[in-house]
Structures are given as structure tokens and as C-alpha cells.
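Okay, everyone, let me put this one up on the screen. I'll talk through confidence, then the sheet, then a couple of side-chain details.

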Amino acid sequence: MASLTANNGPEAGKKYDLKGPHCIMGRHPDCEIVVDVGAVSRQHAKLILETPNFFVQDLNSRNHTFLNDLDIFGQGPKPLTDGDQIRICEVAFTFHGDGAKVVRKTSESSGLGTVVIDDGLQESASTIMSKLDVSSSHGRLQLTASPEAKLNALVEITRSLGKALVLSEVLPRCSTACSRFSCRPTGRSLS
């Protein structure tokens, strides 16, 4: 079953199972997930299940809702993938999928996009590129990775280096691992 875990705030560490077609997050006691912080709106955000995918939507809250540190106010439902961070004011939650395949489309408004399919398989040569967002700002293409993806990249690089027994194997492994994880803005114009 999919769930949310509170990372901080008054209910830090608490796990919320996501049941039913939707789940309201907010300050009001009738919400399925009560976030008892003064700056949180009475009904702040909604989690939506459209089998098999989950979405999060800001409910025109005063202080907005953030998905992986991106403001989603007024943007409609946004798809969730395992490990995504939802922040309401200063309270952050981690979304945990139920192991089902999750399809995520990004950058729909910019005309650019990617589709990432996470089927839970971890046996590929590299999982570094599994969570990249593509966006366009002022005519420039930008690739960004979540903090979780960056940490996973460092862990994968460290494990790969740990398997190298001789110095002549270390540099090629570093080069290969680093080339798979390059998330800096390219600075290339889209026109």
C-alpha cells in the first residue's frame, strides 16, 4: 500500500497509509492527514489515486505546496513517484509507492518532456539516470536531479570504485560513472 511519511514537524516519523480515491492534507481536523502548523491552510493539498498512479494537487493554499522543491500552486495534479518529497510550509513528507510501475511525465508546459518508468528493477548497470527532470527556462535546456538521485549516484560510484583492485581500473570507472551523472544546465539554446 502506498504511504506518506512525515520527515519533520509535529508528527515527524509518522506513516500515513493512502487509502481511498483521495486524501486531503491540511490543518483542519477532518483532513485525512492533519498538518497542525499555523501557516498550513485548512485544506492545503490533495493526494489522488487514479489506479495505478498517484498524484498531488495544491488546493489553492495560501502558502503553496511543493513537490521536490518545485512550487505546484495552480498547476493541477502532478504525478508522484517513489521517494518524491511533498512540502507544505516547513513540513516535508516522503511518498512511498506500493511497488507498482509508475509513469512520470515532466515538463509538460515547456513542450519538452521525458517519461521515466520505474519498475523497481535495480539490476541494471546504472540506476543513476532514473530520476532526472527536464525543463526549459529562458530558452535554455536544464536537467536537474533530486537530492535522493544525487545521493544514489554517489553510492553507486563508491560501490563501483570499491570493486576496483588496481589503480589503472579506478580512473576509467570514475570517468564512466561521472559521465552517466551530469545534471548541470547545458547552456544550449533551444532555438
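So, this is a predicted model, and among the elements of the protein the lowest mean pLDDT, 43, belongs to strand E12, residues 102-105. The highest, 97, goes to E7. Over residues 100-130 the pLDDT is below 50, and yet, beyond near neighbours in sequence, that stretch has 60 contacts in the model. For the protein, the average pLDDT is 76, with 66% of the residues scoring at least 70.

Okay, the sheet. What order do the strands come in? It goes E2-E1-E11-E10-E7-E8, an open sheet of 6 strands with antiparallel pairing. At the edges you've got E2, 15-17, and E8, 70-71, and each of those pairs on one side only.

Let's start from the E2 end. E1 and E2 are antiparallel and share 3 bridges, and if you look there, serine 3 sits opposite aspartate 17 in E2. E1 is also joined to E11, residues 91-96, by 4 bridges, again antiparallel. In that pairing leucine 4 faces phenylalanine 95 in E11.

Now, are the residues on the two faces of E1 buried or exposed? Buried: E1 covers residues 3-6, with Ser3 and Thr5 on one side, Leu4 and Ala6 on the other, and both faces are covered.

Over at the other end, E7, residues 65-67, runs antiparallel to E8, and 2 bridges join them. Phenylalanine 66 is the one opposite aspartate 71 in E8.

Aspartate 69 is in the loop between E7 and E8, while arginine 87 is in strand E10, residues 85-88, so the pair ties together parts that are 18 residues apart in sequence. As for accessibility, aspartate 69 counts as exposed at 57% relative accessibility, whereas arginine 87 is partly exposed at 26%.

Last stop, the helix. Leucine 154 is in helix H1, residues 147-162. The relative accessible area of leucine 154 is 53%, so that side chain counts as exposed. Together with Leu151 and Val155, Leu154 makes a nonpolar surface patch of about 270 Å².

Key
Residues numbered from 1 in each chain as written. Predicted model: local features only at pLDDT ≥ 70, side-chain atom pairs only at ≥ 80, totals over all residues. Heavy atoms only, no water. Patch = residues over 30% accessible without salt bridge, like charges linked within 9 Å, V, L, I, M, F, W, Y side chains within 5 Å. Areas by Shrake-Rupley, 256 points an atom, 1.4 Å probe, with all protein chains shown as cover. Salt bridge = Lys/Arg side-chain N within 4 Å of Asp/Glu carboxyl O. Buried < 20%, exposed > 50% of the residue type's maximum accessible area, 1.4 Å probe, protein only. Pairing = 2+ DSSP bridges. pLDDT = per-residue confidence, 0-100. Contact = heavy atoms within 4.5 Å.
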